[in-house]
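Colleague: Could you take me through the aromatic rings of this model, one question at a time?

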Amino acid sequence: MMPRRLLQLFTGLAMYGVSLAMFIRAGLGLDPWDVFHQGLAGRTGLSIGTVVIIVSFLVLLLWIPLKQWPGFGTLCNAVLVGLFADVGLALIPAFSHLGGQIALLAGAVVLNGIASACYIGAGFGPGARDGLMTGLARRTGWSVRTSRTLIEVVVLGAGWLLGGSVGVGTVVYALAIGPLVQLLLPYFMVPAADKAPARGSEDQAQEEPVPAP
């Protein structure tokens, strides 16, 4: 099953990066972490993909006090999502009319859901931001939902102050991505008997298997 798992991992991360580019080109608002990434990119002059990569590795440093270790997929996630986000931005045009923006937003949500199900189902370990949420929950005794909400409120507020895009897309993502991933995940989950657990992958079975990039 290893070829299938690797294909799912890399395909999922590529689609995740492209979906981020689609959210940005739709211009209707981003998910909390990407509001933060966009705000930092605007302030620093770096591409948003570069910012995603830098933030991913900074977040991984926060895993150390949580006594958590990255899996192979965690490291791939940290690099590839940002790279494919920049590729997507180079290829996808911005839309100036509302109909096109709505269509692009809807496509971004669906693609993000498929991408998330692909890389979670491959079982190579959580993304840096997911691991931070689940690690914090484990160390503090909070629920994953509480940890996720706390972290995302903080990064959303920081991103908004930095000039990141908050809008209807932020709300649509928050409401749609969880149910969508839960619906799609069974179709992409590699059976446990066909894979060895990746370090940190036990966190993926927790309350909300919905990634942050």
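This is a predicted model: local features need pLDDT of at least 70, side-chain atom pairs count only at pLDDT 80 or more; totals for chains, interfaces and linings use all residues.

Modeller: Residues are numbered from 1 along each chain as its sequence is written, and side-chain values use heavy atoms, with hydrogens and water left out.

Colleague: How many aromatic pairs does the count come to?

Modeller: Rings of Phe, Tyr and Trp (its six-membered ring) pair if their centres lie within 6.5 Å, and planes under 30 degrees apart count as stacked, over 60 as edge-to-face and the rest as tilted. By this rule, the number of aromatic pairs is five.

Colleague: Is the pair of Y16 and Y119 stacked or edge-to-face?

Modeller: The ring centres of Y16 and Y119 are 6.3 Å apart. Because their planes stand at 70 degrees, the pair is edge-to-face.

Colleague: Is Y16 buried or exposed?

Modeller: Buried means under 20% relative accessible area, exposed over 50% and partly exposed in between, with a 1.4 Å probe and protein chains only. Y16 has a relative accessible area of 2%, so this residue is buried.

Colleague: Which residue has its charged end over the ring of W33?

Modeller: A charge sits over a ring if NZ of Lys or CZ of Arg is within 6 Å of the ring centre and within 35 degrees of the ring normal. W33 itself is buried, at 4% relative accessibility. The charged end over its ring, 5.3 Å from the centre, belongs to R129.
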